[in-house]
Every structure is written in structure tokens, then in C-alpha cells.
Amino acid sequence: MLAGTYLIYATIMVLAHPQIIYPFGADPFDAPEFRQEVVSDREVALAVYEGSTDEAVLFFMGNGGALAYFTYTLNAHVDAHRTLVAMEYPGGGGIPGTPSEAGLKADALAAYDWLSTQHDGPIVVHGYSMGTGLAQYVAAERGVAAIILDAPFVKMCELMTRASWLPACWLPGVQKWNSAVLLPQLSAPVLIQHGADDQMIRPNVGERLALLMRDAGLQVTFHAVPGGTHNNLAGVPGYKDRINAFLSEVLK
């Protein structure tokens, strides 16, 4: 009886998990300093800020909302006058479509490929939470100058396991978001910032990723940010300064 109930629960969760891991909000992004671009035959929606420095940043937001909710993170680059391209996700911010791991990764590569035709200088990838999986995927498939990760995971399916009491990493049909398999393909220096009080993705997860990266031979700078939670990390004093110092060092 219990085994049958558990099997039914597991089946329901496998079918429903995309709705759980992509809780995108409907608020559109309309910051006046950004222009909107739709690129590639995949019709990838991008918000573009034209900066004046040599480097460009390709930003991938988290899964909790829409790009309109990530202004603190975006401003870290706008205030430094970097060119910034932020990818919007299907199903959020008024963008049509249905998100999936495979689809978002294909969109991320299309966004990079478009940016590389528009910008001659170094390209930095920056991801927040779920977006860290996209940033690492792009860095594994394309040439990037640096990688910035905010509140990263190692495998999203491990977080699903903790939340659902199901072996999500082993269940067929689950979108697993395994960043660990990408590490041998990465070469750029990495900055990780993780809130010390993050309860959604605990800081020891970011520390574990940093250790795995170092074991893979990568240059990694890790900061556990006091007072930082999963939702306020970009607003904690010092967030912009750490990004600026990191990029000044690795791009000099």
C-alpha cells in the first residue's frame, strides 16, 4: 500500500516538476536604458544595455520570477558601464513559450552567438541561481573570459531530492541540471558569491562547487556573504565591489 502510494506520488512529481522549477512571473522588463532584441531562429528575447567598457556580460537570471526582479544584479554591471545582455526566459516576463532545460540551454548559446557578432571584446557570463547552470553551460561550449556565479548549485536534481524526498537525479524524465559534468570543459576564472544565510541553496553547496572546480584546475574565488540570503544577495553591501575587483584582476 505505502509502496503504491509512493509510486503514484513519484509519477505526479515527475510530470509536475517543470511547473515547480520554472515559477516565472509575468511582469515585463522595461528599464529605459535597455533595448529589446529578439535573435536567432529560436526567437530568443534579450534585454541589451550598451556600455562603454571593453567587456560585455551575458546574464542569466534565476528561476524565481522574471528579469524585472533582478535589477540589483543588472545594476552591478550598468553602474560599471559594461555592455550587458540579459536573456529573458520563455514563460516569464510576457515572453511566449514553455521553458525546459534543453530549450533554455539552446537559447543561451544563441544569445552568446548573437552577442559575439556584436561585441569584439571579452565576454563574461554571469548566472544567478538556476542561471548559474546556463552560465556554466555556455562557458563549456563557447569561449568566455570569466564566469560569475551567484548562489550556484552542483546538481539541481539534488535540491529536488531534498525538497521532495524522491531520488530525482535517478528518475527518468526529470530535468536534472547537472553542472558537475561541465567542469572538465571549463577554463575561465570563476567568482562565486553565496549568501551565508541562504536557505534555498545552502552556502555549503556553493563551497562544494568551488572545491570541485579547484580540483578540476580552475581558478576560483569564493565568498560566503554575511547577511546574504537567496533573494537579497545582490543587494548586500560589497556585492558590486567584489564583481568589479574580480573582473579588474582577471581581465587586466
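Which hand does the link of Cys157 and Cys169 have, right or left? Here are some notes to read beside the model, and the answer comes in point 4.

1. **What you are looking at.** This is a predicted model, in which local features need pLDDT of at least 70 and side-chain atom pairs count only at pLDDT 80 or more, while totals for chains, interfaces and linings use all residues. Residues are numbered from 1 along each chain as its sequence is written, and side-chain values use heavy atoms, with hydrogens and water left out.

2. **Overall build.** The protein contains seven helices and eight strands. Both are DSSP runs numbered from the N terminus: helices are H or I with at least four residues, strands are E with at least two. Its C-alpha atoms fill a box of roughly 65 × 40 × 35 Å along the principal axes. The radius of gyration is 18 Å, which agrees with the value near 18 Å for a compact globule of 252 residues. That radius is taken over C-alpha atoms, and the globule rule is 2.2 Å times the number of residues to the power 0.38.

3. Of the 252 residues, 54% count as buried. Buried means under 20% relative accessible area, exposed means over 50%, and partly exposed is in between, with a 1.4 Å probe and protein chains only. The accessible surface comes to about 11300 Å², and 57% of it belongs to carbon and sulfur atoms; the areas come from the Shrake-Rupley method with a 1.4 Å probe. Contacts here are heavy atoms within 4.5 Å. Among contacts with a separation of 6 or more, 73% are between residues 24 or more positions apart. There are 14 positive and 24 negative side chains, and the centres of the two sets lie 9 Å apart. Lys and Arg count as positive, Asp and Glu as negative, and His and the chain ends are not counted. Each charge is placed at NZ of Lys, CZ of Arg, CG of Asp or CD of Glu.

4. **The disulfide.** Now back to the opening question: the link of Cys157 and Cys169 is right-handed, with 95° about the S-S bond. Cys157 sits in helix H5 (residues 156-164) and Cys169 in the loop between H5 and strand E7 (190-195), twelve residues apart. Their sulfur atoms are 2.0 Å apart, and a disulfide is a pair of cysteine sulfur atoms within 2.5 Å. Cys157 counts as buried because its relative accessibility is 1%.

5. **Two positive phi angles.** Most residues other than glycine have a negative phi. Glu43 is not a glycine, yet has a positive phi of about 55°. Glu43 is in the loop between strand E1 (35-39) and strand E2 (44-49), and counts as exposed because its relative accessibility is 60%. Ser129 also has a positive phi, near 55°. Ser129 lies in the loop between strand E5 (123-128) and helix H4 (130-141), and counts as buried because its relative accessibility is 5%.

6. Leaving out residues up to four places away in sequence, Glu50 touches Arg35 and Thr83. Then try Leu247, in helix H7 (residues 239-250). Leu247 counts as buried because its relative accessibility is 3%. Beyond its neighbours within four places in sequence, Leu247 has contacts that include Arg82, Val124 and Ile148. The C-alpha atoms of Leu247 and Leu191 are 9.0 Å apart, though the two are 56 residues apart in sequence.
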